[in-house]
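Welcome, and please take a moment to look over the structure below. The report after it walks through a few parts of the fold, one at a time.

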Amino acid sequence: MKSHQVSALTNDPRRLIALEAVHNFRDLGGYPTKDGHTTKWRTLFRADGLYRLTSQDAQKVVDLGVQTVIDLRTPKEVQTRGTFPVAQFPVRFHHLPIIDSTWNDGKTPDIEDTVEFLVWAYREMLTHASTKFSDALNLMGQNEVLPAVFHCAAGKDRTGMLAAFVLSILGVHEDIISADYGKTSEGIKRLIAWARINQPELADAYTNMPAKFSASDPRAMATIIADLKTKHGSVTDYLREIGVTQTTIDSIRKSMLD
């Protein structure tokens, strides 16, 4: 697709949900598919750390119609930082950790190039966490789960991969999927600006971590999608191989496409 068309779609003013303390909460609606459909608005959202939500933020999320929260973070992240305020707001909560430890808690290779590092990281994630992604997708395909939001810490890596899988199932063009992934860079900037005032230690953490850790270069996602198409025929074929059922695929398409 032409870059200006992709930009218009990812920058649709309905996409970003403005919240006080969460900065990468985005609607996956409004994207055209290769077979002429459009993804539904206000049905599935991707986000960063929902543990930061203020009461007003959480109410706004519920008012969007969200009835399911899928938390992709590690057990340590959940234990130390908390979760969506499930005690105060009526949502179904599912903790489905994708990885066991974050980059800050584990070893990463000495790769300087940002895209090369992200491609390495996502290939590792797919190698070791494929069944975790299939579990999350199969959950989304169940009745009465949507509207839903899924999230990790920054809404970039674990969330970005899951969003790419959902959009691939729906038949969204690869250029749009990669650009949607890349929009997180703006969310990171908003988060850091907010954190400098409200959570200086969080701002310091982002400032002091390697820049490649917080990057979301669309070329990395494009490479991963190309990988899967080369090795498996299509992203959806790959998802079937890792345990995503045809019932799930049909259900997500039925629920998410106009």
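This is a predicted model: local features need pLDDT of at least 70, side-chain atom pairs count only at pLDDT 80 or more; totals for chains, interfaces and linings use all residues.

What does leucine 137 touch, apart from residues up to four places away in sequence? Its partners are Leu162, Phe165, Val166, Ile169, Leu239, Val244, Thr248 and Ile252. Two of these names, Thr248 and Ile252, return in the next section, as buried residues of helix α11.

## Helix α11 and its two sides

Helix α11 runs over residues 246-256, and its buried residues are Thr248, Ile249, Ser251, Ile252 and Met256. If you look down the axis of α11, these buried residues fall within an arc of 165°, so they line one face of the helix. On the other side of α11 you will find Thr247 and Lys254, which are exposed. The cover over the buried residues of α11 includes strand β2 (44-47) and the helices α4, α5 (158-170) and α10 (235-241).

Setting aside neighbours within four places in sequence, threonine 248 is in contact with Leu137, Asn138 and Gly141. Threonine 248 and isoleucine 169 are 79 residues apart in sequence, and their C-alpha atoms are 9.8 Å apart in space.

## Two pairs of helices

Next come two places where helices meet. Helix α1 (residues 3-10) and helix α6 (residues 174-182) have axes that come within 10 Å and cross at roughly 50°. These two helices, α1 and α6, are therefore oblique to each other, and their crossing is right-handed. Which residues meet between α1 and α6? From α1 there are Val6, Leu9 and Thr10, and from α6 there are Asp175, Ile176, Ala179 and Asp180.

The other pair is α5 with helix α9 (residues 218-232), which pack at an angle of about 50° with their axes 12 Å apart. Helices α5 and α9 are therefore oblique to each other, and their crossing is right-handed. Here Gly160, Met161, Ala164 and Phe165 of α5 meet Met221, Ile224 and Leu228 of α9.

## Cysteine 152 in its loop

Now move to the loop between β5 (148-151) and α5, where cysteine 152 lies. Is cysteine 152 buried or exposed? Cysteine 152 is buried, with a relative accessible area of 3%.

Leaving out neighbours within four places in sequence, the contacts of cysteine 152 are Ala47, Asp48, Gly49, Leu72, Arg73, Asp157, Arg158 and Thr159. As for spacing, lysine 212 is 60 residues from cysteine 152 along the chain, and the C-alpha atoms of the two are separated by 17 Å.

## Details of the backbone

Most residues other than glycine have a negative phi, and most peptide bonds are trans.

The loop between α4 and β5 holds proline 147. A cis peptide bond joins leucine 146 to proline 147, with omega at about 0°. Glutamate 144 is also placed in the loop between α4 and β5. Its phi is near 65°, a positive value in a residue other than glycine, and glutamate 144 is exposed, with a relative accessible area of 59%.

Arginine 42 sits elsewhere, in the loop between β1 (26-27) and β2. The phi of arginine 42 is positive too, near 55°. At 32% relative accessibility, arginine 42 counts as partly exposed.

Note on methods: Residues are numbered from 1 along each chain as its sequence is written. Side-chain values use heavy atoms; hydrogens and water are left out. Contact means heavy atoms within 4.5 Å. Buried means under 20% relative accessible area, exposed over 50%, partly exposed in between (1.4 Å probe, protein chains only). Helices (H or I, at least four residues) and strands (E, at least two) are DSSP runs, numbered from the N terminus. The arc is that of the directions from the helix axis to the C-beta atoms. Axes are lines fitted to C-alpha atoms, for helices over the stretch in contact, and angles run from 0 to 180 degrees between N-to-C directions. Angles under 35 degrees count as roughly parallel, over 145 as roughly antiparallel, 65 to 115 as roughly perpendicular and the rest as oblique. A crossing is left-handed if the near helix is turned anticlockwise from the far one by less than a right angle, and right-handed if clockwise.
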